[in-house]
Amino acid sequence: MAGNATHHIASFFLVGIPGLENFHCWIGIPVCLLFALTLLGNSIILTTVKLEPSLHQPMYFFLCMLAMNDMCLTCSTALKMLGIFWFDEHWINFDACLTQMFFIHTLCIMESAILVAMAFDRFVAICIPLHYTSILTMPMVIKIGLVGLGRAILMIMPCPLLIKRLLYYTKYVIHHAYCEHMAVVKMASGNTQVNRIYGILVALSVTIFDLGLIVTSYIKILQAVFRLSSQNARSKALGTCVAHVCTILAFYTPALFSFLTHRFGKNVPASIHIIFAILYLLVSPTVNPLVYGAKTKQIRDRVVSLLFSQKQKF
């Protein structure tokens, strides 16, 4: 590291939600609730898919990937947040901060890739159903998952490496509840233009590319659905897509709002920025298992049967 290394800061101070410090203990309650619901709901999804042979299909394997990704994403953010809100553990080591940042952003990009994979699954199932089993084989599902993970790691790895070359001498107070990329970059002394440009390019390329693929898939799906002569067949085909559309909205809506207010909302209070950034990371992982549990008959039936079998034992 160039410069006077003895004065390079060793830790950052995470404020939490600026302006709402007096309410941190109360804010911790919904955060803890969302954290617990995410772990419970996604564990139920994973267990149900594992135990129910009829769910051993590509659609549900992608759902399991989503569940595992959501649990990792929530753990990487909620635990530190609860430490800040309830135990005043505001300090975070420099390298620990970069590690948290890497995991949060990698898992967000992975989440987006899984949503694309699920859209592709619905496209194949509805538009070319005769080739479904030959296209979406188990090896293909694994390959899609690995490509999504590889892309996320390769896109985010330069972020901590580029931050490592920056100088951090005086600023150490991050007005955020977790180590978000731009929040950490703003703490640096010196020119951060490369970091800023790279961060924006990653966010835009992932969003445009992934949303483009999802929208294209659903245009093709709708075209195929409306060509069906039977009203019942149309309803059934669209019904399999409802849960996925809800998941897409739950993930991208707060993400888009957070991005737009961060870039253009100069008059939006800092607390609103941070609250939406927190909601973006915590709400979607909580909503996903609820949506799929409510909308997928096999999962709903299996959960009910498990619950009743447990009651009968007692």
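**View 1. Helices α3 and α10 cross at roughly 30 degrees.** In this predicted model, the axes of α3 and helix α10, which covers residues 270–295, come within 12 Å. The crossing in which α3 passes α10 is left-handed. On the α3 side, the contact is made by Ile104, Cys108, Glu111 and Met118. Their partners on α10 are Tyr280, Leu281, Ser284, Asn288 and Tyr292.

**View 2. Helices α3 and α5 pack at an angle of about 145 degrees.** Here we stay with α3 and turn to another partner. The axes of α3 and α5 are 8 Å apart, and their crossing is right-handed. Two packed helices are described by the angle between their axes and the distance between the axes. Residues of α3 that take part include Phe102, His105, Thr106, Ile109 and Phe120. From α5, the residues they meet include Ile144, Gly145, Gly148, Leu149 and Ile153.

**View 3. Isoleucine 153 is partly exposed.** This residue sits in helix α5, which runs over residues 138–156. Its relative accessibility is 32%, so isoleucine 153 counts as partly exposed. Which residues does isoleucine 153 contact, leaving aside its neighbours within four places in sequence? They are Phe102 and Thr106, and both of these belong to α3. For a sense of scale, look also for leucine 136: 17 residues separate it from isoleucine 153 along the chain, and the two C-alpha atoms are 24 Å apart.

**View 4. Helix α3 is seen from end to end, residues 94–127.** At the start of the helix, a side-chain oxygen of asparagine 93 comes to within 2.9 Å of the backbone nitrogen of aspartate 95.

**View 5. The largest nonpolar core has 85 residues.** Good places to begin are Phe12, Phe85, Tyr168 and Val184, the residues with the most contacts inside this core. Helix α3 gives the most to the core, with 18 residues.

**View 6. Histidine 244 is buried in helix α9.** The helix covers residues 231–264. With a relative accessibility of 2%, histidine 244 counts as buried. A polar atom of its side chain lies 2.9 Å from the backbone oxygen of leucine 115. Not counting residues up to four places away in sequence, histidine 244 touches Leu115, Met118, Ala119, Tyr218 and Tyr292.

**View 7. Threonine 48 lies in helix α1.** Leaving aside its neighbours within four places in sequence, threonine 48 is in contact with Leu55, Ile299, Arg302 and Val303.

**View 8. Aspartate 88 has a positive phi.** We end in the loop between α2 (58–87) and β2 (91–93), where aspartate 88 lies. Its phi is near 55 degrees, a positive value in a residue other than glycine. Most residues other than glycine have a negative phi. Aspartate 88 is exposed, with a relative accessible area of 60%.

Note on methods
Residues are numbered from 1 along each chain as its sequence is written. This is a predicted model: local features need pLDDT of at least 70, side-chain atom pairs count only at pLDDT 80 or more; totals for chains, interfaces and linings use all residues. Side-chain values use heavy atoms; hydrogens and water are left out. Helices (H or I, at least four residues) and strands (E, at least two) are DSSP runs, numbered from the N terminus. The expected span of a helix is 1.5 Å times one less than its number of residues. A polar contact is a pair of N or O atoms within 3.5 Å; within protein, one must be able to donate a hydrogen and the other to accept it, and residues adjacent in sequence count only if both atoms are side-chain atoms. A nonpolar core is a set of buried Ala, Val, Leu, Ile, Met, Phe, Trp, Tyr and Cys residues joined through side-chain atoms within 4.5 Å. Buried means under 20% relative accessible area, exposed over 50%, partly exposed in between (1.4 Å probe, protein chains only). Axes are lines fitted to C-alpha atoms, for helices over the stretch in contact, and angles run from 0 to 180 degrees between N-to-C directions. A crossing is left-handed if the near helix is turned anticlockwise from the far one by less than a right angle, and right-handed if clockwise. Contact means heavy atoms within 4.5 Å.
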